[in-house]
Amino acid sequence: MEEKCHDISLSTNNKNEKLQNADYKDEFMIEALNQARLALIHNEVPVGCVIVHNNETIIAKAHNQTNVTKNGTKHCEIISIHEIIQHKKCNLHECVLYVTVEPCIMCAAALSLIGIQKVFYGCQNNKFGGNGSVFTINLFNHLKPEYNSFQVGLPQNATPYSSVGGFRSEEAIAMLKKFYDTGNQTLPPSKRARRNKLSTD
Ligand SMILES: [Zn+2]
């Protein structure tokens, strides 16, 4: 296990949390990276994830599909959540997400709405990250203290969750770099120039 670089936990050593950082299982991040590799092959932004029930059994896995579907919301986390809900596979409160890149703001909010138990991620998402890099959606810390989640638009059943990153981050970054170095082939040639910052959109 690599040393974690970014720990956005509910509280340090929270004994009430069912899953601790030490419960990270490398085999699941490897499978998430396999999904990201599939995305790269299909000229999608290489981000992949698995959702694991009780930190034991993979019940959904996906990679980004925004290009093939022409739907900017088809991030791997959203696809996996839909898969589980559609087939009523289990209670998402009992599930943990392994994802190669820190969830974006959209996915971070979705994960709080479905009550994910915990997130383990690879590299940080410095442009759109919702688990600490840009906003800390997972802990609702983006909210002003005088507001509660209901008043600013998040439903009251939104649940905060712990998120920790830095697992196999170099592999996740290498795939993103490979994708952006050649340029997003779905964009017009004039817009394929290498970006200054890695992006997961
Ligand atoms: Zn996302």
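A residue counts as buried here if 20 or more other C-beta atoms lie within 10 Å of its own, as exposed if there are 12 or fewer, and as partly exposed in between, with C-beta atoms placed from the backbone. Keep that in mind as you click around.

You're looking at a predicted model, where local features need pLDDT of at least 70, side-chain atom pairs count only at pLDDT 80 or more, and totals for chains, interfaces and linings use all residues. Residues are numbered from 1 along each chain as its sequence is written.

**Stop 1: the whole chain**

Switch to a cartoon view. The protein chain has 5 helices and 6 strands; helices (H or I, at least four residues) and strands (E, at least two) are DSSP runs, numbered from the N terminus. Along the sequence they come in the pattern β-α-β-β-α-α-β-α-β-β-α. Of the 201 residues in the chain, 38% are buried. Two residues are in contact if their C-beta atoms, placed from the backbone, lie within 7 Å. Among contacts with a separation of 6 or more, 60% join residues 24 or more positions apart.

**Stop 2: strand β2**

Select 48–53, which is β2. In this strand, 5 of the 6 residues are buried. Now click I51, which sits in β2. Is I51 buried or exposed? I51 counts as buried because it has 29 C-beta neighbours inside 10 Å. Beyond four places in sequence, its contacts are I59, A60, S80, I84, C95 and L97.

Next, show what lies beside β2. Strands pair if DSSP finds at least two bridges between them. On one count, β2 and β3 (57–63) run antiparallel and are joined by 6 bridges. Pick H53 and you'll find its bridge partner in β3, T57. β2 also pairs with β4 (95–101), again in the antiparallel sense, over 5 bridges. There, V50 stands opposite Y98.

**Stop 3: the turn**

Zoom in on the hairpin of β2 and β3, which has 3 residues between the strands. N54 in the turn has a positive phi of about 55 degrees. N55 is in this loop between β2 and β3 too, and its phi is near 55 degrees, a positive value in a residue other than glycine. Most residues other than glycine have a negative phi. N55 counts as partly exposed because it has 18 C-beta neighbours inside 10 Å.

**Stop 4: the core**

A nonpolar core is a set of buried Ala, Val, Leu, Ile, Met, Phe, Trp, Tyr and Cys residues joined through C-beta atoms within 7 Å. The largest one has 45 residues, and those with the most contacts inside it are A32, C49, L97, Y98, V99 and F120. At least two residues of this core come from each of α1 (26–41), β2, β3, α3, β4, α4, β5 and α5.

Take V99 as your way in. Leaving aside neighbours within four places in sequence, V99 contacts A32, C49, C76, E77, V119 and Y121. If you want a distance to draw, I51 and V99 are 8.5 Å apart, C-alpha to C-alpha, though 48 residues separate them in sequence.

**Stop 5: helix α4**

Select 105–114 for α4, where C107, A108, A110, L111 and S112 are buried. What do they pack against? The buried residues of α4 pack against α3 (76–86), β4 and β5 (118–123).

**Stop 6: helix α5**

R168 has a positive phi near 55 degrees, and R168 is buried because 20 other C-beta atoms lie within 10 Å.

Now select 169–182, which is α5. Its buried residues are S169, A172, M175, L176 and F179. They sit on the same side of α5 because they cover an arc of only 135 degrees around the axis, taking the directions from the helix axis to the C-beta atoms. Turn to the other side and E170, K178, D181 and T182 are exposed. The buried face is covered by elements including α1, β4, β5 and β6 (162–165).

**Last stop: P46**

Click P46, in the loop between α1 and β2. P46 is buried, with 28 other C-beta atoms within 10 Å. Show its contacts beyond four places in sequence: A36, R37, A39, L40, M175, L176 and F179. P46 and A172 are 126 residues apart in sequence and 8.0 Å apart in space, C-alpha to C-alpha.
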